[in-house]
Amino acid sequence: WRSANEGDSESRRVLLLDALEKARDLDHSGRLRDAVELCLEAIRISPAETTPYLALAGMLVRASSFQDALEVLQSLPSGFAAASARLLGATVRLGLGDPVSALRLIDSVADDPDMLVRARALNLKGLIAHGSGDTAAARPYFEAAIAADCSYGEPHANLGWLMWADEPGEQ
């Protein structure tokens with residue numbers, strides 16, 4: 001990071017992205033504490049960048065530390081302007097047991113031009129429907145998420161799970 005303080009903005013950005021890649025590797029290898037420390041250092045060095053905040057919040061969500069993730073998201077320099085921040089916020093709100101707030105955030109990205117954003121939003125709506133016990137309503141959301149971006153795997157798994165739960169042994 002010392003060279004990041006001395007370099008130009010492009011060099012700092014490269015160092016930031018490299019540090020975040022290392023943090024993701026640490027997170028995926030079960031070293032969440034080290035990954036969090038690296039993200040926090042990235043935030044200290046580049047407080048105006050949203051990328052380290054989103055990376056840190058994503059790690060905390062995967063660890064089911066929803067309140068901590070919410071605090072990180074509330075510190076975003078750009079607020080919830082980015083669709084990715086609103087989707088992550090929806091996931092956090094859902095994890096905190098607040099599907100109404102989650103749906104408001106999801107609905108705010110419904111018309112986003114990024115098909116992956118739409119797919120994630122639809123998948124979250126399906127999870128909310130399923131969580132409320134309405135599996136019939138969940139299925140079209142998962143199908144729409146797949147139609148929006150077939151490369152996004154989670155709605156495939158969720159739809160498969162619904163199909164298996166409906167007719168175990170038939171699939």
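1. On H7, the exposed residues Val 100 and Arg 104 sit on the face turned away from the buried side; exposed here means over 50% relative accessible area, buried under 20% and partly exposed in between, with a 1.4 Å probe and protein chains only. This is a predicted model, in which local features need pLDDT of at least 70 and side-chain atom pairs count only at pLDDT 80 or more, while totals for chains, interfaces and linings use all residues. Residues are numbered from 1 along each chain as its sequence is written, and side-chain values use heavy atoms, with hydrogens and water left out.

2. The buried residues of H7, which runs over residues 99-107, are Ser 101, Ala 102, Leu 105 and Ile 106. They line one face of the helix, because down its axis they fall within an arc of 140°, the arc being that of the directions from the helix axis to the C-beta atoms. An α-helix has 3.6 residues a turn, so residues three or four places apart point the same way. The cover over the buried residues of H7 includes H6 and H8, where contact means heavy atoms within 4.5 Å.

3. Overall, the protein has 10 helices and zero strands, with helices (H or I, at least four residues) and strands (E, at least two) taken as DSSP runs numbered from the N terminus. Its C-alpha atoms fill a box of roughly 60 × 30 × 30 Å along the principal axes, and 37% of the 171 residues count as buried. Among contacts with a separation of 6 or more, 44% come from residues 24 or more positions apart.

4. How much of H4 is buried? The answer is 10 of its 12 residues, so H4 is largely enclosed by the rest of the structure; Pro 52, Tyr 53, Leu 54 and Met 59 are among those buried. Elements that cover the buried residues of H4 include H2 (9-28), H3 (32-45), H5 (66-74) and H6. The end C-alpha atoms of H4 are 17 Å apart, which agrees with the 16 Å that its 12 residues should span at 1.5 Å a residue, the expected span being 1.5 Å times one less than the number of residues.

5. The largest pocket has a volume of about 590 Å³ and is lined by 20 residues, of which Arg 62, Ser 84, Leu 88, Thr 91 and Arg 120 lie nearest its centre. The elements giving two or more residues to this lining are H4 (51-62), H6 (83-95) and H8 (115-131), and H4 gives the most, with seven residues. On a 1 Å grid over the protein atoms alone, a pocket is an open set of points where a 1.4 Å probe fits, with protein on both sides within 12 Å along at least five of seven lines, and lining residues have an atom within 4 Å of a point. Grid points are joined across faces, edges and corners, and the volume is the space filled by probe spheres set on the points.

6. Ser 64 deserves a look at its backbone, as its phi is positive, about 60°, although it is not a glycine. Most residues other than glycine have a negative phi. Ser 64 is placed in the loop between H4 and H5, and is exposed because its relative accessible area is 51%.

7. Lys 125 is in H8 and counts as buried because its relative accessibility is 19%. Leaving aside residues up to four places away in sequence, Lys 125 touches Leu 103, Ile 106, Asp 107 and Tyr 141.

8. In H9, Ala 138, Phe 142, Ala 145, Ile 146 and Ala 148 are buried. Down the axis of H9 these buried residues fall within an arc of 160°, so they line one face of the helix, and they pack against H8 and H10 (154-166). The face of H9 turned away from its buried side carries the exposed residues Ala 136 and Ala 147. The 14 residues of H9 reach 20 Å from first C-alpha to last, close to the 20 Å expected at 1.5 Å a residue. Ala 137 also lies in H9, and counts as partly exposed because its relative accessibility is 25%; its C-alpha atom is separated by 33 Å from that of His 28, 109 residues apart along the chain.

9. Ala 82 belongs to the loop between H5 and H6, and is partly exposed, with a relative accessible area of 31%. Ala 82 and Glu 71, which are 11 residues apart in sequence, are 17 Å apart from C-alpha to C-alpha.
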